[in-house]
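Good morning, and thank you for coming. I would like to take you through one structure, beginning with the space inside and ending with a helix.

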Amino acid sequence: MVGEGVLIECLNHPDVEEILVINRKPGGVSHPKLRELIHGDFFDLAPIEGQLAGFDACFFCLGVSSVGMSNEEYRHITYDLTLNMARLLARLNPETTFCYVTGAGTDSSEQGRSAWARVKGATENALARLFKRAYMFRPGFMKATPGQRNVKSYYKFFAWLYPIGRALYPAGFCTLQEVGLAMINAARTGYPTRILEVADIVKLARLGR
């Protein structure tokens with residue numbers, strides 16, 4: 001859902017010249033500036049390494065919920081997989097901007113009680129060491145962009161909360177359009193802080209409008 005929302009903004013933005021999407025299965029989107037790589041194993045990037053050089057930014061939107069997973073499984077998918085991709089990109093494109101979708105409540109100290117928050121914090125910290133321009137996006141509840149197809153079935157039962165939540169608790173609610181635009185603007189102009197909470201995401205999304 002997040003990746004599709006960010007992709008929509010990239011396709012529509014005049015400053016984005018070329019997009020490479022790496023998917024496990026076809027995404028079903030066709031566009032003149034979009035190229036798609038189908039690759040099943042994100043832990044083995046050697047077969048596609050030659051196609052990953054020359055990019056100004058990586059918008060890393062892959063992620064899973066920790067519900068029902070062991071700590072080891074969650075860390076393997078969240079930390080190990082992300083860093084496997086990031087280390088390769090840092091070698092191929094050392095000046096690239098890396099935007100990572102993490103989550104509200106992430107634990108930067110890596111010492112808190114919540115295992116998922118510690119893992120996310122460790123991932124953020126490792127990315128910050130790898131890239132001079134790394135930004136950690138911590139969205140709360142995200143409103144899907146109209147026309148999205150990759151939306152979880154349960155989302156429709158909670159979507160009605162968005163306008164109420166945005167009005168009463170704006171620090172916890174943003175749109176996927178804002179997330180996508182903020183990522184593009186992070187790559188274009190940067191941002192004063194590496195960790196972007198919802199208020200930062202909304203502010204950065206509005207730049208250049």
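The lining of the largest cavity divides into six nonpolar residues, three polar residues and one charged residue. Please bear in mind throughout that this is a predicted model.

Which residues make up that lining? They are F60, L62, G63, V64, Y74, I77, T78, T82, Y100 and K120. Helix α2, residues 71–92, supplies the largest share, with four residues. As for volume, the largest cavity holds about 50 Å³ of space. The count of cavities of 30 Å³ or more comes to one.

F60, Y100, F98 and F131 form one aromatic cluster. In total, the structure holds five aromatic pairs. One of them joins F98 and F131, whose rings are stacked, at 4.9 Å centre to centre and with 25° between the planes. F98 lies in strand β4, residues 97–101, while F131 lies in the loop between α3 and β5, so this pair ties together parts that are 33 residues apart in sequence. Both F98 and F131 are buried.

A further pair is formed by F141 and F173. Their ring centres are 5.4 Å apart and their planes stand at 40°, so the pair is tilted. Here F141 belongs to strand β6, residues 141–143, and F173 to strand β7, residues 173–175; the pair therefore ties together parts that are 32 residues apart in sequence. Are these two residues buried or exposed? F141 is partly exposed, with a relative accessible area of 21%, whereas F173 is buried, at 14%.

R24 lies over the face of F42, at 4.6 Å from the ring centre. R75 is placed over the face of Y79, with 4.3 Å to the ring centre.

Why may we call α5 largely enclosed by the rest of the structure? The reason is that 10 of its 14 residues are buried. These buried residues are L176, E178, V179, G180, L181, A182, M183, I184, N185 and A186. Just after α5, G190 takes a positive phi of about 80°.

Thank you for your attention.

Key. Residues are numbered from 1 along each chain as its sequence is written. This is a predicted model: local features need pLDDT of at least 70, side-chain atom pairs count only at pLDDT 80 or more; totals for chains, interfaces and linings use all residues. Side-chain values use heavy atoms; hydrogens and water are left out. Buried means under 20% relative accessible area, exposed over 50%, partly exposed in between (1.4 Å probe, protein chains only). Helices (H or I, at least four residues) and strands (E, at least two) are DSSP runs, numbered from the N terminus. Rings of Phe, Tyr and Trp (its six-membered ring) pair if their centres lie within 6.5 Å; planes under 30 degrees apart count as stacked, over 60 as edge-to-face and the rest as tilted. A charge sits over a ring if NZ of Lys or CZ of Arg is within 6 Å of the ring centre and within 35 degrees of the ring normal. On a 1 Å grid over the protein atoms alone, a cavity is a set of points where a 1.4 Å probe fits but cannot get out, and a pocket is an open set with protein on both sides within 12 Å along at least five of seven lines; lining residues have an atom within 4 Å of a point. Grid points are joined across faces, edges and corners, and a volume is the space filled by probe spheres set on the points. Ala, Val, Leu, Ile, Met, Phe, Trp, Tyr, Cys and Pro count as nonpolar, Asp, Glu, Lys and Arg as charged, and the others, Gly among them, as polar.
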